[in-house]
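Subject: Structure handover

Hello,

Please find the structure below.

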Amino acid sequence: MNKRRVFLLEEEALNKELKELFVKSGEFEVVGSATDGVEGLKAIEEKKPDFVITELVLSGYDGLFLVDKINSLGLGIKVIVLSVLSREDLITKAIARGASYYMVKPFNFSLLKERLNDLIDVSPESGKVFGKPTKMSIEEKISKIFINVGIPPHIKGYSYLREGVKMAVETPDVINSITKKLYPKIGEKYSTSASKVERAIRHAIEVAWNRGRIESINTVLGVRAYVGAEKPTNGEFIALVADKMLLEGA
């Protein structure tokens, strides 16, 4: 029996992780992947997979636009949206535009496979929601803070910074070894060097500060820590966001 063909449109680390999991499962074939919506759509038109698994937040075309474009191809491709965002309006829009499933991160791979198998004999317009949490996930809380302070999700530093904050929430002591432990662990996950992680995080913080939203930043962090052009170090920013989340019961 021919394996069902899957195309991945996610951040690089998750694309890699999903590829490995699909290979181990032996049930599906990953025919391609991309991190950019424009590049991904071209590849999807060429490869004509059975399924597309996509994030909502992408560079180029975003996930909602891609759902529209993929359905307009008329190839019966079923689109599964994976996202840390569990807002009702986004879920409703994704399903209304033709997504077959919406799963909220973090998700269970076995459940994802089960849903793909469920979809094999179902029309692409089935539109169901799975994995919706009863409360906001840690990833969604971090993403919400970053959006409010002005860190754009399409830059590399966004993902690295989110991972750093998550690590600091789960293991607070890691903030005391940011160079020796935190950067290398993030680099290992994203297949890059610790120095590139450090530079990308610094750039992400600089982008937020250069947008001049200092009052918003102070409000979000809950302290009046910065004025004017003054900005925190990578470690200070990660610690501030992690502390805020711990105080709020993350």
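The lining of the largest pocket draws on both domain 1 (4–121) and domain 2 (138–248), with at least three residues from each. These domain bounds come from an automatic or database domain assignment. A pocket here is worked out on a 1 Å grid over the protein atoms alone, as an open set of points where a 1.4 Å probe fits, with protein on both sides within 12 Å along at least five of seven lines; lining residues have an atom within 4 Å of a point.

This is a predicted model, in which local features need pLDDT of at least 70 and side-chain atom pairs count only at pLDDT 80 or more, while totals for chains, interfaces and linings use all residues. Residues are numbered from 1 along each chain as its sequence is written, and side-chain values use heavy atoms, without hydrogens and water.

The volume of the largest pocket is about 630 Å³, a volume being the space filled by probe spheres set on the grid points, which are joined across faces, edges and corners. Its lining has 27 residues, and E11, P153, H154, I155 and S159 are the closest to the centre. Helix 7 (156–170) is one of the elements that supply at least two lining residues, and with five it gives the most. Helices are DSSP runs of H or I with at least four residues, strands are runs of E with at least two, and both are numbered from the N terminus.

The second largest pocket holds about 420 Å³. It lies between the two domains, because both give residues to its lining. Helix 1 (12–25) supplies the largest share, six residues. The lining divides into nine nonpolar, no polar and nine charged residues. Nonpolar covers Ala, Val, Leu, Ile, Met, Phe, Trp, Tyr, Cys and Pro; charged covers Asp, Glu, Lys and Arg; the others, Gly among them, are polar.

Now for confidence. The mean pLDDT (the predictor's confidence in each residue, from 0 to 100) is 82 for the protein, and 85% of its residues reach 70 or more. Confidence is lowest in strand 6 (residues 128–130), with a mean of 50, and highest in helix 8 (residues 178–189), at 94.

K48 has a positive phi near 50° and is not a glycine; it is partly exposed, at 46% relative accessibility. S191 also has a positive phi, about 55°, and is partly exposed at 48%. Buried means under 20% relative accessible area, exposed over 50%, and partly exposed in between (1.4 Å probe, protein chains only).

Regards
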